[in-house]
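This briefing goes through one protein structure topic by topic.

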Amino acid sequence: MGSTSNISLLNSVAMGDKSADLILSNCSLVNVYTNEIQEKIEIAIKNDRIAYVGPDASHAKGSSTKIINVQNKFVSPSFADPHIHIDHFLSPSEFIKQSLLHGVTSLFPDSIDIVSTTGSRGFREFVKLTTKLPMRFFHVIPGGLPVDPKFSFSKKMSLSEIKSTIKLDDVIGLGEVFSWTKVTKRDSATMKSLSFMLDNGCVINGHTAGIGEKKLNAYISSGILSCHEPINFQEVLDRLRLGMWVMIREGSIRRDLKEILPLVLSNGIFTNRLMFCSDGLDPIDITKYGHIDYCVNEAIKLGLEPIEAICIASRNCFDYYNMGKDLGGIAPGRLADILIFNKLEKIKPSKVFVGGKLVVSDGKLVFNVRRDTLPKPLTKTVRTRRLSEKDFLVPYKKKTANVNLITLKTEIITEKSNHDLNVIRGNVAPSRDNDIWKVAAFDRIFGTKKHSIAFLKNFNADVGAFASTWNFHENNLLVIGMNEKDMAVASNHLIKSNGGMTVVKNGKVLASMPLQMAGIISTDSFEQVRKNYSKINSTLYDRGCKFKKPHLVPIFLPFLALPEIRILNTGLVDVKKRQYIPSINS
Ligand SMILES: [Fe+2]
């Protein structure tokens with residue numbers, strides 16, 4: 001975060017004994033400490049920090065001081081996203097270009113899929129990729145792996161790896177601890193890592209979906225003080241009452257602001273322990289909605305005072321992460337992360353500063369970022385051997401087979417059912433008439449032969465196969481297919497290109513989104529990724545898929561934290577019963 005050791009320098013500038021690098025004059029200052037707009041304020045900045053805030057900074061003006069007359073526009077602290085997964089779709093350097101335009105200058109990423117695919121070595125390299133970017137990154141070590149040790153087969157971090165990783169400058173704590181049962185049952189490894197974090201002054205983020213009252217108390221008393229999972233006012237209130245901080249989620253997975261905020265306001269609940277987070281944004285949503293600026297503007301529309309909305313988007317996040325002395329407001333000693341905008345009711349930053357450096361001007365980026373070169377641990381992560389048609393056969397001796405079906409209710413939620421399928425030349429065949437597909441999951445992280453094949457209902461697209469190397473948080477090579485030939489073509493396409501998503505019909509690739517970094521992130525430009533992402537979804541949707549965002553289907557198919565039936569390379573899992581079930585009932 002930069003050093004606070006040079007307090008003498010800031011002190012000298014404030015006193016007029018040394019000159020500032022930059023003075024912002026004629027500011028209408030949004031004061032997040034007093035709930036005021038202060039007119040005609042001048043802000044003097046030295047290096048990356050604010051030295052002076054007051055009516056007249058002329059004493060800090062030297063021959064080389066740059067003056068920007070803000071012309072009575074609003075000046076506020078810039079925004080933070082306190083919980084985001086940036087290890088999806090876009091590389092960090094491409095993502096920040098979008099995020100900065102929306103006034104966000106600090107991200108707290110939880111890169112769970114980077115760890116799941118590349119372990120602690122890859123995580124370190126990923127953190128390195130973010131260090132030289134004009135955005136503050138405060139990484140947390142993913143606290144959700146393995147999702148379920150009984151079934152998961154992905155990489156994770158050991159306690160000793162966690163202990164050495166936390167020493168990195170940009171790593172500040174532990175990410176969402178998914179498994180509250182591990183906490184309430186006081187699982188020894190979990191309690192050790194929680195205690196280690198607390199003993200070292202690190203923040204631990206929570207995930208308390210579906211937890212009961214007594215267990216919530218136990219979870220909080222274990223030092224986990226935030227949650228971004230509440231989806232209604234009561235859940236927010238339950239957590240605030242027990243001293244938790246709540247991140248209201250507005251992102252590509254869910255949007256909860258409209259449900260929660262009006263009741264927070266009508267019940268007169270304090271907002272000083274609320275934050276806005278995205279939990280991840282896809283390449284369409286970040287342009288369609290925006291980022292944390294969207295939350296601020298929507299909150300204002302829902303009746304929140306603009307200054308209070310800005311507090312939630314800035315000051316509260318840094319207070320939660322114990323960084324309030326450095327960030328979250330405009331005051332002496334704070335880092336100069338600043339927004340300038342015209343209207344308080346609808347914030348659209350015209351200028352954005354990070355550490356006193358202008359990164360956005362007139363709503364446009366004014367910096368260049370060098371293209372990422374991929375570090376070794378993040379490449380060649382699709383280690384599955386080349387596959388053939390035969391690898392997707394399901395041999396069976398009888399004429400029909402009664403199979404356990406994964407029935408898609410939405411892109412995300414599945415239901416368990418069963419169905420009789422014909423056996424053709426000794427292979428249990430998918431059925432176009434009944435919209436029943438094969439679905440295969442192969443290990444691609446370790447390069448073992450571990451795989452499983454089951455059956456899926458309700459995908460309904462007129463394609464041969466759809467495959468992905470990215471899924472929560474197993475990251476198998478996952479292939480949905482109506483015929484084995486196209487399933488092999490789709491798989492081999494992804495094996496060759498080091499990962500991604502692809503749609504195949506009659507041996508031809510109809511759409512493809514390369515995800516060359518760990519098989520989950522693209523190294524392409526934002527525009528290219530956006531195009532590829534749209535093409536994957538439109539190809540499937542236009543060909544009859546029942547869901548608007550079909551890319552989510554393979555992403556969620558192995559996700560053990562949701563009902564009801566999931567597939568991983570280790571087998572087909574009945575989530576409720578927590579047990580493997582066979583693909584075919586004998
Ligand atoms: Fe999350």
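Along the chain, the residues that hold the iron ion follow the spacing H-x1-H-x90-E-x102-D. The model is a predicted one. In it, the protein donors of the iron ion are His83 (NE2), His85 (NE2), Glu176 (OE) and Asp279 (OD), at 2.1 to 2.2 Å from the ion.

**Iron site**

- The angles subtended by the four donor atoms around the iron ion run from 82 to 169°, which makes the arrangement irregular.
- Are His85 and Glu176 buried or exposed? Both residues are buried.

**Largest pocket**

- The largest pocket holds about 1,400 Å³ of space.
- It is lined by 49 residues, and those closest to its centre are Phe178, His207, Phe559, Ala561 and Leu562.
- Helix H5 (180-184) contributes at least two residues to this lining, and so does helix H16 (552-556).
- By type, the lining of the largest pocket consists of 26 nonpolar, 11 polar and 12 charged residues.

**Cavities**

- How many cavities of 30 Å³ or more does the structure hold? There are two of them.
- The largest cavity has about 60 Å³ of space.
- Its lining is made up of Pro77, Ser78, Phe79, Thr105, Ser106, Phe318, Leu327, Gly328, Gly329, Leu335 and Asp337.
- Five of the residues lining the largest cavity are nonpolar, five are polar and one is charged.
- The second largest cavity has about 40 Å³ of space.
- Ile84, His85, Ile86, His88, Phe95, Gly280 and Leu281 line the second largest cavity; His85 is also a donor of the iron ion.
- The lining of the second largest cavity has four nonpolar residues, three polar ones and no charged ones.

**Aromatic rings**

- The whole structure contains 19 aromatic pairs.
- In one of the pairs, the ring centres of Phe89 and Trp470 are 4.8 Å apart and the planes stand at 90°, so the pair is edge-to-face.
- Phe89 is in the loop between E6 and H2 and Trp470 in the loop between strand E24 (465-468) and strand E25 (477-481), so this pair ties together parts that are 381 residues apart in sequence.
- Phe89 has a relative accessible area of 6% and is buried, because buried means under 20%.
- Trp470 is buried as well, with a relative accessible area of 2%.
- Phe151 and Tyr580 also form an edge-to-face pair, with 4.8 Å from centre to centre and 90° between the planes.
- This pair too links distant parts of the chain, with Phe151 in the loop between E9 and H4 and Tyr580 in strand E30 (residues 579-581), 429 residues apart.
- Phe151 is buried, at a relative accessible area of 1%, whereas Tyr580 is partly exposed, at 36%.
- One aromatic cluster is formed by Phe89, Phe178, Trp470, Phe472, Tyr533, Phe556 and Phe559.
- Two members of that cluster, Phe178 and Phe559, are among the residues closest to the centre of the largest pocket.

**Backbone features**

- Which residues are joined by a cis peptide bond with omega of about -10°? They are Leu145 and Pro146.
- Pro146 sits in the loop between strand E9 (139-141) and H4.
- Another cis peptide bond joins Pro563 and Glu564, with omega of about 10°.
- Glu564 is in the loop between H16 and strand E28 (565-568).
- Asn47 is a residue other than glycine with a positive phi, near 50°.
- Asn47 belongs to the loop between strand E2 (36-46) and strand E3 (49-54), and at 47% relative accessibility it counts as partly exposed.
- Asn498, also not a glycine, has a positive phi near 60°.
- The loop that holds Asn498 runs between helix H14 (484-496) and strand E26 (500-505).

**Ser164**

- Ser164 is part of helix H4 (residues 159-165).
- With a relative accessible area of 31%, Ser164 is partly exposed.
- From C-alpha to C-alpha, Ser164 and Ser120 are 9.6 Å apart in space, and they are 44 residues apart in sequence.

How values were computed
Residues are numbered from 1 along each chain as its sequence is written. This is a predicted model: local features need pLDDT of at least 70, side-chain atom pairs count only at pLDDT 80 or more; totals for chains, interfaces and linings use all residues. Side-chain values use heavy atoms; hydrogens and water are left out. Donors are N, O and S atoms within 2.8 Å of the metal (3.2 Å for Na, K and Ca); water is not among the atoms, so sites may look incomplete. Four donors count as tetrahedral if all angles lie between 85 and 135 degrees; four count as square planar and six as octahedral if opposite donors are over 155 degrees apart and all others between 65 and 115; anything else is irregular. Buried means under 20% relative accessible area, exposed over 50%, partly exposed in between (1.4 Å probe, protein chains only). On a 1 Å grid over the protein atoms alone, a cavity is a set of points where a 1.4 Å probe fits but cannot get out, and a pocket is an open set with protein on both sides within 12 Å along at least five of seven lines; lining residues have an atom within 4 Å of a point. Grid points are joined across faces, edges and corners, and a volume is the space filled by probe spheres set on the points. Helices (H or I, at least four residues) and strands (E, at least two) are DSSP runs, numbered from the N terminus. Ala, Val, Leu, Ile, Met, Phe, Trp, Tyr, Cys and Pro count as nonpolar, Asp, Glu, Lys and Arg as charged, and the others, Gly among them, as polar. Rings of Phe, Tyr and Trp (its six-membered ring) pair if their centres lie within 6.5 Å; planes under 30 degrees apart count as stacked, over 60 as edge-to-face and the rest as tilted.
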